[in-house]
Amino acid sequence: MPFYRLTSFQIITSVSLFIGLFLAYLSLGAVHIPALDILAMFKSYLLNGSEFAAKEYPLASAIVMHIRLPRACAAILAGGALALAGACTQGLFKNPLASPDVLGVSSGSSFGAVIAIVSGFSFMNPMWLPIFTTVGALAASAFIYVLASRSSSSQILFLILTGLALSSLLGGARMGLLLMAQQYEVSQFVFWAMGGLDGRMWQHLLWPTPVIIIVSFLLLKESRALNLLALGEESAHGMGLNVKQTRFKLLMFATLLTAMSIAIAGPIGFIGLMVPHLMRLLVGPAHEKLLPFSAIFGVIFLLLCDLLGRWIIAPNELKAGIITSFIGGCYFIGLIIRFQRKGRLA
């Protein structure tokens, strides 16, 4: 039986990997908690309530429920959202090496973060930082699309060019603001820009969670539209697809998912680029399979990277963004070498 038909095997393998890694994520750390104790604690929470479970398993409850579980949920949301946004962007641009960064989301979020830090809002309440980053990401993406949509020629080309121009502009403005900032403000921005999940609590997930869930569900329903766009604009028109409306919808989905992931974990690189590219090699280009498997392995990849960051130099930590950048860089160096040997670039 061909590999692409083994859907049940792929699903069972993916879910098994996720469950095993999720339990390891909750178990391992500076304080080791056996997986059986964690499962027993969850069972007690379900059957007897939180107060009884906290008394019966005080250590596991304090560490898992209040520190590791919210951090794991943050990794699940951010990793899945970034990988879905990447798969959507690659399908929209018909380029397996495209990234959500071309939409200007990262540059807008970084500029919003600098404004929140320099203005002092992030020190008054830490929740202002993700709010400013989200607003900056959405504002930058809206500006890029409005400007590019005025062009009568290839909209995708102008989206990319406008995204690059705005990223350069916002990058200069960001550096200018940082030159006038205090040293501790510069340090906070640099720490945020590394991307990571340390210190994530339940309150950090309150408003990004429903947005990610709803947009992910809507994007999964657009898999057929992405398949039609891959055939070309004229073919998609001929099959009854409203290309302009669909393109705008997909851009908004990718933008919202990327913005929400940045609000949760900061700008974590390579997940939206590497994971969908790898999944396309494993499960094929059909978006009915590519989108959900990208989301699952985006979750697995970020959980694994954050777990490695907690373990490599324990009791200290490496931020997850550092691990993803290192692995992603090695992956694409390997791709470049492979393409060079084949005498082609794509």
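Predicted model: local features only at pLDDT ≥ 70, side-chain atom pairs only at ≥ 80, totals over all residues.
Residues are numbered from 1 along each chain as its sequence is written, and side-chain values use heavy atoms, with hydrogens and water left out.

Let's start with helix H11, residues 223-230; helices here are DSSP runs (H or I, at least four residues), numbered from the N terminus. Ser-223, Ala-225, Leu-226, Leu-228 and Leu-229 of H11 are buried, with buried meaning under 20% relative accessible area, exposed over 50% and partly exposed in between (1.4 Å probe, protein chains only). Among the elements covering those buried residues are helix H4 (58-93) and helix H15 (287-312). After H11 comes Gly-232, with a positive phi near 115 degrees.

Now the cysteines. You'll find zero disulfides here, a disulfide being a pair of cysteine sulfur atoms within 2.5 Å. Neither row below is a disulfide partner.

| Cysteine | Nearest cysteine sulfur | Distance |
|---|---|---|
| Cys-73 | Cys-305 | 18 Å |
| Cys-305 | Cys-330 | 11 Å |

Cys-73 counts as partly exposed because its relative accessibility is 22%, while Cys-305, at 0%, counts as buried.

Finally, the lining of the largest pocket. H13 supplies the largest share, four residues, and helix H7 (128-149) and helix H9 (183-193) each give at least two.

Note on methods: Contact = heavy atoms within 4.5 Å.
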